[in-house]
Amino acid sequence: MTLIVMATGGTGGHIYPAVATARELMGRGHRALLLGQRGGMEERFAADSGLDFHGVDAGKLARSGQGRPDPRELLRAARGVAEARAFLREARPGAVVGYGGFASLPGVLAAQSLGLPTVLHEQNARLGLTQRLAVGRARAVGTAYPQVVGLNPDKATQVGMPVREERLPRPEALARLGLREGALTVLIMGGSQGSLALNTGVPDVLRAVFGPEGRTPDGQPVQVLHSTGPRWLEEVAPRVADLSWYHPAPYVDAVAAWSAADFGITRAGTGTLAEAAFHGVPLVMVPLPESAENHQFHNAQSVESAGAGRLVAQSDLAGALGGAVLECAQPGTRAAMREAALGRSPAGAAARLADLVLRHVR
């Protein structure tokens with residue numbers, strides 16, 4: 001039984017694939033552990049998933065006002081590497097897998113300094129900053145896309161985007177979420193920490209589209225499950241308090257939410273798109289304008305071109321979202337989008353990444 005460490009954290013997009021791969025490895029008889037920022041979101045995710053966790057310090061690779069890295073953050077990152085190095089020297093895992101994001105860096109760099117095998121997972125079509133710092137000494141890189149800008153193709157293996165490959169029967173999912181059967185169910189998810197733009201812009205559009213009673217133009221009842229992110233719930237809840245069909249929550253059980261949703265209104269991060277595809281959920285995508293290299297826009301374009309969703313620019317949220325929502329509310333259109341989404345499913349990605357990791361275990 002080999003211990004394999006998942007170095008991850010920062011956002012759900014980095015943590016979810018680590019959890020999925022850890023579960024796959026554990027199912028094969030190995031031990032898996034998440035290594036990330038002490039007190040970070042990854043610590044809660046590990047506890048919720050029944051996974052062991054070890055926390056270290058981690059500094060963000062943000063820039064100061066002069067365009068240089070903040071020295072305080074660099075100091076925190078250095079402390080994190082030292083803490084991770086001490087832990088890994090004692091634990092002696094067979095490999096460390098890095099999922100990108102600043103919280104993964106201490107674990108990956110510490111492993112490489114000790115000569116432990118490291119494998120990276122790159123979820124975007126352009127190699128991220130933290131991955132660029134680690135790729136030189138990595139044994140291999142599993143990718144979500146056929147080509148990754150900045151990555152030597154000889155080191156790359158396309159595995160897809162690992163997701164939690166669990167579905168619930170729709171009645172069970174609805175019951176778990178406290179929602180009713182027979183209503184068109186719309187999921188709003190702006191990422192693991194929520195989205196200010198979706199939180200402020202979407203409720204008013206849906207109120208206008210579905211009316212105070214919450215019905216489609218042909219009379220079908222509607223219900224909305226809105227994952228606001230913990231910090232935004234107190235702002236969103238009062239705005240929809242008069243709508244009995246609108247249900248805001250700080251965060252949701254993702255498997256239940258995707259299993260219950262008829263369509264979603266989301267950002268366009270790779271993790272979100274992969275989960276939607278696995279569950280066959282059509283999307284109205286509002287890409288984050290500030291995403292690195294505008295990658296969310298290109299992600300959303302790809303989904304729209306495949307017929308699995310509609311792209312709405314954040315700058316045109318008030319003008320275009322309503323029409324896209326009404327289009328997805330039509331049963332025929334939604335059924336065609338569902339089939340297109342399932343055609344993009346990343347099923348098996350966690351297994352393929354696990355295979356890649358195990359090939360490099362010492």
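Ala, Val, Leu, Ile, Met, Phe, Trp, Tyr, Cys and Pro count as nonpolar, Asp, Glu, Lys and Arg as charged, and the others, Gly among them, as polar. By that scheme, the lining of the largest cavity holds 5 nonpolar, 1 polar and 2 charged residues. This is a predicted model: local features need pLDDT of at least 70, side-chain atom pairs count only at pLDDT 80 or more, and totals for chains, interfaces and linings use all residues. Residues are numbered from 1 along each chain as its sequence is written, and side-chain values use heavy atoms, with hydrogens and water left out.

**The cavity**

- Rolling a probe the size of a water molecule over the atoms shows where empty space is left.
- The search runs on a 1 Å grid over the protein atoms alone; a cavity is a set of points where a 1.4 Å probe fits but cannot get out, and lining residues have an atom within 4 Å of a point.
- Grid points are joined across faces, edges and corners, and a volume is the space filled by probe spheres set on the points.
- Across the whole structure, 1 cavity of 30 Å³ or more turns up.
- The largest cavity holds about 40 Å³ of space.
- Its lining is made of Tyr-16, Pro-17, Met-161, Pro-162, Val-163, Arg-164, Gly-271 and Glu-275.
- H1 and H10 are the elements that give two or more residues to this lining.

**The second largest pocket**

- A pocket is an open set of points with protein on both sides within 12 Å along at least five of seven lines.
- The second largest pocket contains about 340 Å³ of space.
- It is lined by 22 residues, and Tyr-145, Thr-270, Leu-273, Ala-274 and Arg-344 are the closest to its centre.
- Two or more lining residues come from each of H10 and helix H11 (295-305).
- H10 gives the largest share, 5 residues.
- By type, the lining has 14 nonpolar, 6 polar and 2 charged residues.

**Thr-270, in helix H10**

- Helices (H or I, at least four residues) and strands (E, at least two) are DSSP runs, numbered from the N terminus.
- Thr-270 belongs to helix H10, which covers residues 270-279.
- Buried means under 20% relative accessible area, exposed over 50%, and partly exposed in between (1.4 Å probe, protein chains only).
- Thr-270 is buried, because its relative accessible area is 6%.
- A polar contact is a pair of N or O atoms within 3.5 Å; within protein, one must be able to donate a hydrogen and the other to accept it, and residues adjacent in sequence count only if both atoms are side-chain atoms.
- The side chain of Thr-270 reaches the backbone oxygen of Gln-123 at 3.2 Å.
- Contact means heavy atoms within 4.5 Å.
- Leaving out residues up to four places away in sequence, Thr-270 touches Gln-123, Asn-124, Ala-144, Tyr-145, Met-161 and Asn-299.

**Helix H1**

- The expected span of a helix is 1.5 Å times one less than its number of residues.
- H1 (residues 12-27) has 16 residues, so it should span 22 Å; its end C-alpha atoms are 22 Å apart, which agrees.
- Buried residues of H1 include His-14, Ile-15, Val-19 and Leu-25.
- The buried residues of H1 pack against strand E1 (3-7), strand E2 (31-37), helix H2 (41-49) and helix H14 (349-359).

**Residues in loops**

- Ser-104 sits in the loop between strand E4 (95-98) and helix H4 (105-113).
- Ser-104 counts as buried because its relative accessibility is 2%.
- Ser-104 touches Ala-7, Thr-8, Tyr-99 and Thr-130, not counting residues up to four places away in sequence.
- Arg-92 lies in the loop between helix H3 (71-91) and E4.
- Arg-92 has a positive phi of about 50 degrees, although it is not a glycine.
- At 39% relative accessibility, Arg-92 is partly exposed.
- Glu-290, in the loop between strand E12 (283-285) and H11, is exposed at 61% relative accessible area.

**Asp-204, in helix H7**

- Asp-204 is part of helix H7 (residues 196-210).
- Asp-204 is partly exposed, with a relative accessible area of 43%.
- The side chains of Asp-204 and Arg-239 make a polar contact at 3.0 Å.
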